[in-house]
Amino acid sequence: MSNRTTPQDGEKSPESRPEPDFSKFMVCDSFSNSISSPAAAGEEPRRLSRQRLEEAATRLSDRDREILAAAQRYRYLLTGQIQRLYFTGSTTPTAAHRAAARALRRLKELGLLDHLARRIGGVRAGSGGLVWHLTHAGERLLYLENHTLTPTKRFTEPSPYFLAHTLAVTEIAVQLTEFCREQRTLKLTALQPEPECWRTFSEYGALQSLKPDLFAITVSGQYEDRWFIEVDLDTESPNKIIDKCERYHKYYRSGLEQQESGVFPLTVWIVPSAARKEKLITHIRKAFDKQPRLFAVITADELGSLVCQGGEGGSLC
């Protein structure tokens, strides 16, 4: 589950962490930018040629490309999340926010990023409540530069639940990145969102899939810990959680993960409240009595302690 020895090199300096606030297009050389603002509704999508894309690429910094890659991997990010990932060198949080807002505005003007019409926290949230996503043009630029194509569909506004869950998963990824950045003895050596972290295995000849929200590897001293992460918003019944836990047990019994890395990751359920935590712990322990303890159930503020203690500090079940 954890504690596989591994080498370690240099460390990173600590950063401050503000609290978040939640409530095959090779057919031709041009493509559409997604429309996500009410004012744009009914208008023809603006089109960019391949030449325009190549011109835009010459205006991008390394940090711009990192932001685009993050938008591709995580689907949706808040302004503040992007700020906390890529604008940590500013003297004050206000300066960092302004720098992030300027960079995002420029990427939007280039047609590579756009934001949803609605904001998290409403109009009063300002630019901090904007939810950013990669446009079709941004996808195409990343493909032209890196030849890493991901399947895309025409942009549609996400459902409230899908958006809330996606942003919550992104928030855990950001918090994990920040926490490992702050700790001189802890390194984050892998962080995979879905679908990168999905696994497939065979059961009685039928192909099965396991779909965690995140997969991470952390290193502390001579020890390596591996984590599957599931973000729960208290919208599923305990029975559905147990069904997914059973899938983890089936994957554990397949031995595929152990063959590859020598250990099986601890699956961490991150829940919104202490009451939900206790409920899930009770149900999981009852359902998997006398079976290997593959799970920990924690609240988001317990993530740092769990990662630091290598799977020993959470509520195992």
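Helices (H or I, at least four residues) and strands (E, at least two) are DSSP runs, numbered from the N terminus. The close-ups below come from a predicted model, in which local features need pLDDT of at least 70 and side-chain atom pairs count only at pLDDT 80 or more, while totals for chains, interfaces and linings use all residues. Residues are numbered from 1 along each chain as its sequence is written, and side-chain values use heavy atoms, with hydrogens and water left out.

**View 1. A cis peptide bond joins E194 and P195.** Welcome to the first stop, a loop. Omega of this bond is about 5°. P195 sits in the loop between strand 7 (186–193) and strand 8 (199–203).

**View 2. Y204 has a positive phi although it is not a glycine.** The phi angle of Y204 is about 55°. Look for Y204 in the loop that links strand 8 with strand 9 (206–210). Y204 is exposed, with a relative accessible area of 82% (exposed means over 50%, buried under 20% and partly exposed in between, using a 1.4 Å probe and protein chains only).

**View 3. K290 is a residue other than glycine with a positive phi.** Here phi is near 70°. The loop that holds K290 runs between helix 9 (274–287) and strand 13 (295–299). K290 counts as exposed, at 81% relative accessibility.

**View 4. Helix 2 and helix 5 pack at an angle of about 115°.** Helix 2 covers residues 62–74 and helix 5 covers residues 136–146, and their axes are 10 Å apart (axes are lines fitted to C-alpha atoms, for helices over the stretch in contact, and angles run from 0 to 180 degrees between N-to-C directions). That makes helix 2 roughly perpendicular to helix 5 (angles of 65 to 115 degrees count as roughly perpendicular, under 35 as roughly parallel, over 145 as roughly antiparallel and the rest as oblique). On the helix 2 side, R65, L68, A69 and Q72 meet E139, L141, L142 and E145 of helix 5 (contact means heavy atoms within 4.5 Å). Sorted by class, this contact of helix 2 with helix 5 has four nonpolar, one polar and three charged residues (Ala, Val, Leu, Ile, Met, Phe, Trp, Tyr, Cys and Pro count as nonpolar, Asp, Glu, Lys and Arg as charged, and the others, Gly among them, as polar).

**View 5. Helix 3 is largely enclosed by the rest of the structure, because six of its eight residues are buried.** The buried residues are T79, Q81, I82, Q83, R84 and L85. Their cover includes helix 2, strand 4 (77–78), helix 4 (93–109), strand 6 (131–134) and helix 6.

**View 6. Helix 3 (residues 79–86) and helix 6 (residues 160–182) pack at an angle of about 20°.** The axes of helix 3 and helix 6 are 10 Å apart, and the two helices are therefore roughly parallel to each other. From helix 3, the contact uses Q81, R84 and L85; from helix 6, it uses L167, T170, E171, V174, Q175, T177, E178 and R181. In this contact of helix 3 with helix 6, three residues are nonpolar, four polar and four charged.

**View 7. T170 of helix 6 is buried.** The relative accessible area of T170 is 1%. A polar atom of the T170 side chain lies 2.9 Å from the backbone oxygen of T166. Setting aside neighbours within four places in sequence, T170 is in contact with Y74, Y76, L77 and Q81.

Methods. A polar contact is a pair of N or O atoms within 3.5 Å; within protein, one must be able to donate a hydrogen and the other to accept it, and residues adjacent in sequence count only if both atoms are side-chain atoms.
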